Structure formats: C-alpha cells, structure tokens
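I opened the file to look up a few local features and kept notes as I went. The entries follow in the order of the look-ups.

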Amino acid sequence: MAEKSVVAAEKEIPADATILTADIGGSKFMVGFVSAAGEVLCVERYEWLNPTAEEILDKVESALRAQLEAHPDLAARVIAGGLTIPGLAEPVKGVWLDSDFPPIRDLHICEELSERLGIPFYGDNDGNACVLAEGYFGSARGASDFIYITVSSGVGGGACVGGELFYGAHCESGEIGLTICEQDGRPSRSGKQHGPLEMYCCTEGMSQTFIELGGPSEVDGHAPGGKEIAACAEKGNEAALRTIELEGKRLGRAIACADALLAPEVVVLGGGISLMLDRFAPALEAELKRIRPQGGPRVVASEFGYQGAFLGAAACGLRGAQGFSHPLGAGDDDACALVITRDDKNRVRCELIADDKPVVGADCARGGELGGYLVAQGVDDEGTTLDEVFSEVDIEALVESAQAGDEDAAARLTALGDTLGRAVAFASMLFDPGTIRVGNGLSLARDFIEQPFVEAVVRETYYLADTIPYVFTWE
C-alpha cells in the first residue's frame with residue numbers, strides 16, 4: 001500500500017527516525033520504540049485490571065518517561081508518539097471516545113500525553129492502527145483492498161478500500177466484531193446488542209463456548225484461553241475440538257459477508273487467537289467457500305504475532321508525522337452514504353459513497369453485493385443469502401395485495417423488511433454511513449417494510465449515543 005493512500009499530505013521522514021510507542025489494551029499495555037521502517041527496537045509490557053482514565057494516563061506517562069530515560073539515543077531521534085486505543089476513537093486528534101473494557105468515555109489521551117511529555121502523539125482505534133501496520137510494514141503490503149481483523153480480548157478491525165484506510169461518517173467503521181452472529185445470543189459487554197461476533201470469538205467468548213460444551217472451567221490451574229483450549233484439543237478433547245471448529249466457522253461467515261460487500265484481496269487476522277489459525281483454518285475456509293463458492297479472499301495470519309498492535313501504534317505515529325488530517329468518509333451525514341437498491345434481476349445491491357465519490361459498488365469493480373449477506377439465526381443454521389430470500393418474493397405483487405388488505409402479504413413484507421434491516425446493519429458496522437438511502441424498487445414497499453427495517457438496523461448495530469447516528473431516506 002503506497003504511503004500516499006494513508007496520509008493526507010506526505011512529509012519527509014528521516015531514515016533513522018524513531019516513534020515512541022504505546023499499545024494500550026484491555027488487560028495490558030506495552031511501551032517502547034519502533035523505527036520508521038517498522039523494526040521494534042525495544043518494548044516493555046505492563047499489566048492492569050479495570051483502570052480508570054486517570055490511572056491509564058499516569059501509568060502510560062510513567063512508562064513512556066522510563067523509556068525515554070533508558071534509551072537516550074533513541075529518544076534523540078523521536079519524531080512522534082503513537083498509540084492504540086482499544087475502543088472507538090477519533091483519529092485526527094486521538095480522542096478515546098468509548099469502550100466497554102476498560103470503561104472509558106471521551107478521553108483526550110493524545111492531547112494529554114503530548115502536553116505531559118512534550119512530544120506530539122497520534123492515536124487511533126487498535127483495529128485501524130493494525131490496518132495501518134499491515135499496510136505499511138506487514139502482510140498487506142501492495143494490496144489496495146484488504147481487511148484486518150484482530151481477535152484477542154475483543155474482536156475489532158478495519159478496512160483499506162481502494163488504497164485508503166476507510167473510516168466512515170463517525171470514524172466507527174470496520175467493527176466486524178460488533179456484527180451479529182447469533183440472533184438473541186450473548187449480550188455485549190455494554191448490553192446494547194445481543195449475539196455480536198465478539199462475544200463468541202474473543203478469548204473470553206471461546207472460553208465460554210468451551211465450558212458450555214462441557215470443557216473444564218480450569219486447565220492446569222488457568223481459565224481456559226486459546227492456549228489451554230489448543231492443548232486440550234491436542235489431547236482429543238471433544239469440547240476443545242468443537243470450540244475451535246466453531247471459532248473458524250463464525251469467523252468464516254463474517255469474512256464471507258464482508259467479502260460480498262468489500263471484495264478484499266486479502267484478510268489479515270491478528271491478535272492472540274490468530275496464532276491458532278492453523279487449527280481453525282479448515283472450518284473457516286470451508287465456511288467461506290460454502291457461502292462464496294465463486295471465490296473469496298486469501299485469509300492469512302499477521303506476520304507480527306503479538307506485536308501487531310504495538311506496530312499499529314507506531315504506524316499511527318508515523319502517519320501523524322507525515323501529515324494525516326482527513327479520515328476518508330468522515331464528516332457530516334452526507335459525507336458517507338450507503339445506498340441500497342434492487343436491480344432488474346431482483347438482486348440487492350449497495351453502493352458506498354464517501355467524499356462525493358463511490359468507493360464500493362456502482363462504478364467500482366469491487367464489492368457492493370449486499371445480496372451476498374448470509375441470513376441465519378446462528379451458527380447451527382446454514383442460512384440463505386439475502387438474494388435467495390428476495391428471489392422467492394414478488395415485491396410488487398405483495399405490495400398490491402397488502403394494500404388491498406391481505407394480512408399474509410403484509411406479514412411477508414414485514415419479515416422482508418426485518419431481513420433487509422439485518423443485512424444493512426452488518427454493512428453499517430463495516431461502513432459506518434451517515435445516511436442510509438433506500439430506493440430503486442424497494443421504496444415502493446416503504447409503508448410495510450420501513451418500521452421493521454429500521455428496528456432491525458437499530459437492534460443489530462452499536463452506537464455511542466441513545467439515538468442512532470443514521471439518517472434514513474427513501475427514494
């Protein structure tokens with residue numbers, strides 16, 4: 001990925017430059033130095049448990065000061081500080097907007113660290129940061145369209161679309177971990193959703209699945225995390241083998257639906273659970289091939305191992321030093337619009353418009369196949385694609401019958417609106433649109449599908465405020 005694709009304006013960076021780096025996670029943080037070429041020069045790890053905002057600032061500042069004092073040669077060449085934010089973030093100013101774990105809201109962490117240390121700091125959501133790292137230094141070098149998914153204490157991610165890191169209207173795009181994989185499933189940590197992918201595929205989610213399937217609540221004195229479940233699988237433990245299979249299957253489904261929308265060249269899996277990719281890859285690839293038989297992206301593990309987010313933090317600092325100032329798609333509601341249509345073959349399409357140009361669908365060769373979204377109640381339901389659902393109905397005839405008082409026709413349209421809303425909710429978590437426009441053969445059913453459609457989008461998306469951030473229009 002060319003550097004011009006991730007920065008608004010390039011500035012020359014000295015070859016021997018360093019980035020003072022802080023990778024902030026839910027249960028730990030790491031600090032150190034990284035070179036401008038992506039070489040980890042030194043790193044120290046610290047643990048914490050449910051820290052407050054002030055504790056985070058104090059502990060990270062103290063650890064960074066220790067690095068500056070311990071490595072004066074590297075400190076002398078620092079051009080910027082970079083950090084990851086484990087939650088929703090505003091990337092230009094580096095504001096930690098929201099997260100469930102730790103429970104942080106509206107923390108101006110980059111501004112605070114800049115003032116305390118006298119070094120300009122730049123930060124981003126950890127998923128977006130890892131996208132940058134993969135594009136600058138890692139497995140996605142040279143790819144213009146790719147997705148990064150981090151699977152660890154949470155599940156996050158981000159996407160590079162057409163050579164640019166895509167943000168969305170509210171800088172909340174790429175949240176594949178907050179897409180729904182089980183209807184009426186496990187509650188999210190915030191309680192705002194039920195059944196998000198994160199609550200099944202993160203470390204805690206795998207552990208819960210393992211125990212629910214009959215696995216022990218402790219393995220060698222430890223709660224069953226990825227390593228422990230893998231060890232049990234080596235011994236033929238049925239609960240462990242099934243847990244690993246379900247991990248791959250659920251991730252495969254999410255990647256298949258994302259492939260329909262974005263058509264990435266490659267999907268990079270990072271985070272601690274990605275180190276188990278060889279174990280769950282068969283289930284993942286089988287499910288991806290089943291849903292996308294025409295071919296899907298390559299799915300690879302990040303070459304960074306446990307250092308992916310750390311290098312992502314460095315990439316944020318490097319990008320900031322180069323002059324990043326405008327997130328693609330961010331701005332007012334019209335800056336990023338998701339347009340839902342139905343073509344003459346009854347296929348459901350979507351077009352993503354950002355900064356007044358289409359970036360997915362329509363005139364773009366990639367993605368836009370909303371009809372490829374898999375409609376299923378959960379992992380035990382093989383499901384059917386949205387296009388297959390629409391192929392079984394005649395919307396015009398149903399509308400005519402419903403308008404004449406046919407209750408069965410009205411009920412079928414209500415169900416159709418709910419199903420369409422679920423697909424749009426998935427797309428909304430990936431794209432974070434400001435406006436959702438419905439038209440071209442769908443708006444004629446508005447009187448019957450609007451309410452269930454909007455309710456499904458609200459139910460299956462995560463948002464900061466009590467009111468949804470999307471503007472709905474019917475054309």
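Which backbone atom does the side chain of Ser 302 reach? I found the backbone nitrogen of Phe 304, at 3.1 Å. I note here that the model is a predicted one.

**Entry: Ser 302**

I stayed with Ser 302 and looked up its place in the chain. Ser 302 lies in the loop between E13 and helix H10, the latter covering 308-322. I then checked for side-chain partners: the side chain of Ser 302 also makes a polar contact with the side chain of Glu 134, at 2.6 Å.

Next I listed the contacts of Ser 302, setting aside neighbours within four places in sequence. The list holds Glu 134, Ser 139, Val 268, Leu 269 and Gly 270.

Is Ser 302 buried or exposed? I read a relative accessibility of 9%, and the cut-off for buried is under 20%, so Ser 302 counts as buried.

His 108 and Ser 302 are 194 residues apart along the chain, and I get 30 Å between their C-alpha atoms.

**Entry: the sheet**

I turned to the sheet that contains E13. I read an open sheet of five strands with mixed pairing, in the order E11-E10-E9-E12-E13. The edge strands are E11 (164-166) and E13 (298-301), each of which pairs on one side only. On average, neighbouring strands of this sheet are turned by 25° against each other, with direction ignored.

I looked at one strand pair in detail. E9 (residues 146-151) and E10 (residues 155-161) run antiparallel and are joined by six bridges. I picked out Tyr 148, whose bridge partner in E10 is Gly 158.

Which helix packs on the sheet? I found H9 (residues 277-291), which touches E12 (266-270) and E13. The direction of H9 makes about 165° with that of E13.

**Entry: H6 and H7**

Last, I looked up a helix pair. Two packed helices are described by the angle between their axes and the distance between the axes, so I noted both values. The axes of H6 (residues 203-212) and H7 (residues 226-234) come within 9 Å and cross at roughly 40°. H6 and H7 are therefore oblique to each other.

I listed the residues that make the contact. H6 supplies Thr 203, Met 206, Ser 207 and Phe 210, while H7 supplies Gly 226, Ile 229 and Cys 232. I sorted the residues of this contact by type and got four nonpolar, three polar and no charged.

Conventions
Residues are numbered from 1 along each chain as its sequence is written. This is a predicted model: local features need pLDDT of at least 70, side-chain atom pairs count only at pLDDT 80 or more; totals for chains, interfaces and linings use all residues. Side-chain values use heavy atoms; hydrogens and water are left out. Axes are lines fitted to C-alpha atoms, for helices over the stretch in contact, and angles run from 0 to 180 degrees between N-to-C directions. Helices (H or I, at least four residues) and strands (E, at least two) are DSSP runs, numbered from the N terminus. Angles under 35 degrees count as roughly parallel, over 145 as roughly antiparallel, 65 to 115 as roughly perpendicular and the rest as oblique. Contact means heavy atoms within 4.5 Å. Ala, Val, Leu, Ile, Met, Phe, Trp, Tyr, Cys and Pro count as nonpolar, Asp, Glu, Lys and Arg as charged, and the others, Gly among them, as polar. Two strands pair if DSSP finds at least two bridges between them. Buried means under 20% relative accessible area, exposed over 50%, partly exposed in between (1.4 Å probe, protein chains only). A polar contact is a pair of N or O atoms within 3.5 Å; within protein, one must be able to donate a hydrogen and the other to accept it, and residues adjacent in sequence count only if both atoms are side-chain atoms.
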